[in-house]
Amino acid sequence: MNSPPIWSEQELDNERERSLEHFRQGRHTEPLELYLELFDDYREVVEEVLEQTVDLSRLRDEAPNLLGDRRKLEVIRYLSGPPVSEDDLKTLIRSQSLNATRITSDPALVDRLVTFIQDWHDRRRFPWVNESRDPEEYDRNAAILATTSLLAMRRLETMRRSQSKVQERLVATQLRRAQFRQVDPRIVRVLSQAPDKGQFCRESMLGNRKADLLIGLHDGRTLALECKVSNSSTNSIKRLNNDAVAKATSWKNEFGSSQVVTAAVLAGVFALRNLLDAQDKGLTLFWSHDLATMLDWIRPISSDTS
């Protein structure tokens, strides 16, 4: 069996710096056009909501029409200060669903939604509502600008958080190029249910914890791989030590370290002490900017044992 690599402190520090530079370059060059596109897109919807409700004065009359449009419902969640999530809104209006048909078929539910907006609207963005007056032009423009900015920034943050999914796709692509065959996700209670040699699957249950990828190594072991993106040294504790290491410990306790190899592919910002701690606890570390190293570790197993 080919033992997984163990990196020296200097090697980890070098790769950590390379990852940090990739992160800096990515954030520095992240297209401004993306934010501007989101802003322009959301601004149109915010303007439509204000126009349709006559600057929020006819919320109750227009509620059925607004709720039939998912994007307008999203704007409604951002009328409050601070904005509320879908789950919070369902809790606050005592509804199991925000489905338009469900809400509009229940007048009491519509009343609760409208009452929530009237009671909890952002008084800084929409000062005219409480003052029972029509908005001035500058009131309306400021409200549109602020609400649109909130929506665009939150959407951009959501897209950034999905970077781990992009990372998973990148790893999957490289595995296919290395002649690994992708198979369906699964629940693995015993290792005979794991992908066979030369196969891999994404987002599957290994015991009681979900793995981003499960890979059937050519020596018969299973590689449980996590993909972790961190935007700060503090965040790296959560992403790496509190999540990936905790999963690795659980898998090895359940299936044995001789049967399961645990590893993480990292991207972004990581503190050296957290990397060393993770490695000391048995987690093998690879990097998104150097997936060739991971594939080089896998390939000798294939060529020696196939």
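Reply: Pro107 is exposed, with a relative accessible area of 58%, where exposed means over 50%, buried means under 20%, and partly exposed lies in between, using a 1.4 Å probe and protein chains only. The model is predicted, so local features need pLDDT of at least 70 and side-chain atom pairs count only at pLDDT 80 or more, whereas totals for chains, interfaces and linings use all residues. Residues are numbered from 1 along each chain as its sequence is written, and side-chain values use heavy atoms, with hydrogens and water left out.

Pro107 is found in helix 7 (helices are DSSP runs of H or I with at least four residues, strands are runs of E with at least two, and both are numbered from the N terminus). Between Pro107 and Leu20 there are 87 residues in sequence and 53 Å in space, taken from C-alpha to C-alpha.

Helix 7, which spans residues 107-120, packs with helix 3, residues 59-67, at an angle of about 110°, and their axes are 10 Å apart (axes are lines fitted to C-alpha atoms over the stretch in contact, and angles run from 0 to 180 degrees between N-to-C directions). The two helices are therefore roughly perpendicular, a word used for angles of 65 to 115 degrees. On the helix 3 side the contact is made by Leu59, Arg60, Ala63 and Leu67, while helix 7 brings Val110, Asp111, Leu113, Val114, Thr115, Ile117 and Gln118 (contact means heavy atoms within 4.5 Å). Sorted by class, the residues of this contact are seven nonpolar, two polar and two charged.

In helix 4, residues 70-77, the buried residues are Lys72, Leu73, Val75, Ile76 and Arg77.

Most residues other than glycine have a negative phi, and most peptide bonds are trans. Arg94, although not a glycine, has a positive phi of about 55°; Arg94 belongs to the loop between helix 5 and helix 6 and is exposed, with a relative accessible area of 58%. Gln179, also a residue other than glycine, has a positive phi near 75°, sits in the loop between helix 10 and strand 1, and is exposed at a relative accessible area of 66%.

Key: Parallel < 35°, antiparallel > 145°, perpendicular 65-115°, else oblique. Nonpolar A, V, L, I, M, F, W, Y, C, P; charged D, E, K, R; others polar.
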